[in-house]
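Please read the following with the sequence and the model side by side.

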Amino acid sequence: MPAILTRLTRLTDTSLIVHWFTADHGLIKTAAKGALRPKSSFAGKLDLFFSGEIDFVRARRGDLHTLREVSIHHWREGLRKHYSSTLLAAYCCQLLESAVEPEHPDSELHDLLTRALDHIDQAGASMRALRHFESELARLLGIAHHQHTAEHSLREILGHLPPTRKELVDRLGPPDDFRSSSAKTR
């Protein structure tokens with residue numbers, strides 16, 4: 001099944017918890033047992049924003065499933081070239097994770113995240129990309145409002161946005177022009 005790796009967490013000395021966003025199962029968590037061993041079948045296949053096909057075994061109890069197999073098709077190397085690109089990609093994943101219920105399938109949201117990561121991979125981070133992702137997410141969640149920004153609508157429903165947004169706005173916001181900086185000194 002197609003999946004995007006959104007988060008990695010250490011489980012044990014040799015294993016990881018891998019968070020995926022899939023079209024068929026939504027947000028899922030899998031245990032990649034032995035992933036940190038030198039000769040692991042997962043070596044080189046588990047990194048943020050990678051996309052590919054995964055196979056997992058459902059847990060009998062709980063929500064931590066067992067990852068069986070991974071085949072990566074898209075590495076998105078461009079996301080690692082600039083810190084702003086990595087930060088925006090992480091923000092998109094964090095925002096999506098906070099907006100949807102675990103294991104709730106939504107192919108449109110999966111498509112949105114795929115398009116966002118591919119765009120940032122190719123074009124780099126920008127305020128336009130950040131705002132477009134937020135507005136599309138608000139629209140797909142059914143909370144978009146013509147009198148409010150997507151940021152306001154998302155903040156109203158979620159309570160808060162991921163803290164990386166402030167750093168992104170600081171990094172990607174328009175630089176002060178000569179007039180506005182000289183007006184501040186007067």
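Asp55 and Arg68 are joined through their side chains by a salt bridge, at 3.6 Å from N to O. The term salt bridge is used here for a side-chain nitrogen of Lys or Arg within 4 Å of a carboxyl oxygen of Asp or Glu. The pair links distant parts of the chain, 13 residues apart: Asp55 belongs to strand S4 (residues 51–57) and Arg68 to strand S5 (residues 64–74). Helices (H or I, at least four residues) and strands (E, at least two) are DSSP runs, numbered from the N terminus. Asp55 counts as partly exposed because its relative accessibility is 31%; buried means under 20% relative accessible area, exposed over 50%, and partly exposed in between, with a 1.4 Å probe and protein chains only.

This is a predicted model, in which local features need pLDDT of at least 70 and side-chain atom pairs count only at pLDDT 80 or more, whereas totals for chains, interfaces and linings use all residues. Residues are numbered from 1 along each chain as its sequence is written, and side-chain values use heavy atoms, with hydrogens and water left out.

Over the whole structure, the search gives 13 salt bridges. Side chains of opposite charge can pair when their charged atoms come close. One of the salt bridges joins Arg155 to Glu151, at 2.6 Å from N to O. Arg155 and Glu151 are separated by about one helical turn, because they are four residues apart in helix H4 (residues 150–158). Arg155 has a relative accessible area of 36% and is therefore partly exposed; Glu151, at 25% relative accessibility, is also classed as partly exposed. Salt bridges link Glu134, Glu151, Arg155 and Arg165 in a network.

Another salt bridge is formed by Asp170 with Lys166, whose closest N and O atoms are 3.1 Å apart. Both residues lie in helix H5 (residues 164–172), four residues apart, or about one turn of the helix. Asp170 counts as exposed at 54% relative accessibility, and Lys166 is exposed with a relative accessible area of 57%.

The strands come next. Five of them form a closed barrel in the order S1-S2-S3-S5-S4, with mixed pairing; two strands pair if DSSP finds at least two bridges between them. From one strand to the next, the twist averages 45°. Angles run from 0 to 180 degrees between N-to-C directions, and axes are lines fitted to C-alpha atoms, for helices over the stretch in contact.

How do strand S2 and strand S3 pair? Strand S2 (residues 16–22) and strand S3 (residues 26–32) are antiparallel, over seven bridges. S2 and S3 form a hairpin, with three residues between them. Thr22 has Gly26 in S3 as its bridge partner, and His19 stands opposite Lys29 in S3. Lys29 also has a bridge partner in S5, namely Leu64. S3 and S5 pair in the parallel sense, over three bridges. S3 is mostly covered, with six of its seven residues buried.

Helix H2 (residues 107–123) packs on the sheet and touches S1, S2 and S5, where contact means heavy atoms within 4.5 Å. The direction of H2 makes about 75° with that of S1.

Helix H1 (residues 83–99) contains Ser85. Is Ser85 buried or exposed? Ser85 counts as buried because its relative accessibility is 2%. Leaving out residues up to four places away in sequence, Ser85 touches Gly78, Leu79, Ile120, Gly124 and Ala125.

H1 also packs with H5, at an angle of about 145° and with their axes 10 Å apart. On the H1 side, the contact is made by Tyr83, Ser84, Leu87, Leu88, Tyr91 and Gln94; on the H5 side, by Thr164, Arg165, Glu167, Leu168, Arg171 and Leu172. Six of the residues in this contact are nonpolar, three polar and three charged. In these classes, Ala, Val, Leu, Ile, Met, Phe, Trp, Tyr, Cys and Pro count as nonpolar, Asp, Glu, Lys and Arg as charged, and the others, Gly among them, as polar.
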